[in-house]
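Me: I am new to this structure. Please take one part of it, look at it closely, and then describe the contacts and packing elsewhere in the chain.

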Amino acid sequence: MAGDEHKYKGVKGHNQRQGMGRLRRANTQDKARVGGLERHDEDEELFDKLGSRSASSHGGETLLARFNRVARSPASAPGRPGEVAGFAGGQALVRLEDGREMLCSLRQALKKQIAGVKNPLCVGDRIRWEPDGERGVIVGIDPRRNQLERADSHNRSLIHVFAANIDCLAVVASLKDPDLKYGLIDRYLVIAAANGIPAAVVLNKADLTDPAQPLALYRSLGYETFATAAARRDGGAAAQGCAAAQGDAGTDSELTRLRAHLRGKACLFAGQSGVGKSSLVNALYPDLSARVGVVADAGHGRHTTTSARSYVLADGARLIDTPGIRECAVTGLAPMDVALLCPDIAARHRLCRFQDCSHLHEPDCAVRAAVDSGAIAASRYDSYRTIVTEDLATS
């Protein structure tokens with residue numbers, strides 16, 4: 001990608017979603033390029049490819065494309081600016097320009113225009129509102145830069161959108177209690193890459209076991225990775241142990257590093273229930289009062305956060321806390337797309353005998369050879385294979 005960066009430098013709107021069609025063509029035409037990601041908001045093949053569920057429900061349009069087309073309509077022009085911070089009693093909690101929050105209802109005309117979703121608005125949406133007595137009414141919506149979505153767990157024909165306009169997807173996983181699940185981390189990383197969302201990995205409960213191996217793995221892949229002990233409200237001892245394992249000279253806690261990484265960003269915390277997302281919020285920002293739950297004896301966390309909510313922080317960050325998610329499937333992609341969104345697999349994709357190698361059964365597959373030699377972690381290949389053979393098979 002380095003050779004083509006100048007093409008898009010300074011182009012407005014150039015950060016919406018990854019151009020999978022362009023990426024696939026680059027991997028079959030230009031021998032000098034290896035697995036780079038290009039973005040182009042006019043790549044129609046991308047909008048046809050990503051989000052197959054929403055495409056089938058919206059006449060070929062993805063949910064994001066449909067939402068943005070509605071958002072650009074004349075009906076979205078009037079009103080005062082605000083941002084959706086959460087939901088309460090069927091209404092949106094809108095954060096106003098002065099920092100106050102107000103309950104607002106959504107104008108029915110706008111609600112009818114956005115079909116095929118569980119909720120037409122989500123946390124992070126930029127909207128326009130007008131006063132309506134002591135409350136407000138949402139009269140317009142702004143286009144989204146990106147969004148995180150999945151099929152609704154109760155109605156597979158509906159899409160559930162967690163949040164929009166995200167600057168960082170912090171994938172939170174516990175090292176123990178519940179046990180570390182590489183597959184869930186890797187699924188979120190693929191989803192983040194497909195939607196053009198920068199991702200970081202947070203390995204929580206580092207006081208319960210040695211985090212060195214997964215920490216080294218995800219850092220080697222280029223992800224900002226942190227090992228925290230959020231329940232102790234300070235990553236001190238665990239972080240120092242991590243620093244020693246990594247050979248770092250600094251003694252700053254991992255929580256301090258993570259807080260600095262999130263400064264000024266709209267960040268979504270995502271992960272399985274019970275991994276300590278709410279505890280992490282409290283440890284990072286003690287002034288917040290996110291509820292903390294207890295991990296269930298069965299090994300599955302209870303859903304202690306009941307709805308998505310964003311918090312404005314003193315350093316300019318907007319932090320989004322979401323309900324625990326035990327299932328997160330990748331949909332709407334082809335096997336080659338998934339391979340090119342995984343940096344370790346993408347780096348070896350060109351070395352395979354066949355350009356369209358699925359890395360599952362073809363002869364002379366450079367990816368499987370790298371797994372056998374240890375150059376690609378077995379956990380990463382298992383995640384890729386599961387996504388292709390299970391997630392995509394049912395999407």
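Reply:

Just after helix 10, Gly-264 takes a positive phi of about 80°. The model is a predicted one, and this applies to everything below.

Helix 10 itself covers residues 254-262, and its buried residues are Glu-254, Leu-255, Leu-258, His-261 and Leu-262. Viewed down the axis of helix 10, these buried residues fall within an arc of 120°, so they line one face of the helix.

Next come the charged contacts. The structure holds 14 salt bridges. In one of them, the side chains of Glu-83 and Arg-318 meet at 3.0 Å, N to O. This pair links distant parts of the chain, since Glu-83 is in strand 1 (residues 80-88) and Arg-318 in strand 13 (residues 318-321), 235 residues apart. Glu-83 has a relative accessible area of 13%, and the limit for buried is under 20%, so Glu-83 counts as buried. Arg-318, at 17% relative accessibility, counts as buried too.

Strand 1 and strand 2 (residues 91-96) run antiparallel and are joined by 6 bridges. Both strands belong to a closed barrel of 5 strands, which runs 1-2-3-5-4 with mixed pairing. In this sheet, neighbouring strands are turned by 55° against each other on average, direction ignored.

Arg-95 leads on to another salt bridge, in which its side chain meets that of Glu-101 at 3.4 Å, N to O.

Arg-187 lies in helix 7 (residues 182-194) and Asp-391 in helix 15 (residues 378-391), so the pair ties together parts that are 204 residues apart in sequence. Arg-187 is buried, and Asp-391 is buried as well.

Two packed helices are described by the angle between their axes and the distance between the axes. Helix 7 and helix 15 pack at an angle of about 70°, with their axes 9 Å apart. Angles of 65 to 115 degrees count as roughly perpendicular, and helix 7 and helix 15 are therefore roughly perpendicular to each other. Helix 7 passes helix 15 in a right-handed crossing.

Helix 7 has another neighbour in helix 8 (residues 212-220): their axes come within 13 Å and cross at roughly 20°. Since angles under 35 degrees count as roughly parallel, helix 7 and helix 8 are therefore roughly parallel to each other. The crossing of helix 7 and helix 8 is right-handed.

Notes
Residues numbered from 1 in each chain as written. Heavy atoms only, no water. Buried < 20%, exposed > 50% of the residue type's maximum accessible area, 1.4 Å probe, protein only. Helix = DSSP H or I, 4+ residues; strand = E, 2+ residues; numbered from the N terminus. Arc of directions from axis to C-beta. Salt bridge = Lys/Arg side-chain N within 4 Å of Asp/Glu carboxyl O. Pairing = 2+ DSSP bridges. Axes fitted to C-alpha atoms, helices over the stretch in contact; angles between N-to-C directions. Parallel < 35°, antiparallel > 145°, perpendicular 65-115°, else oblique. Left-handed = near helix turned anticlockwise from the far one by under 90°.
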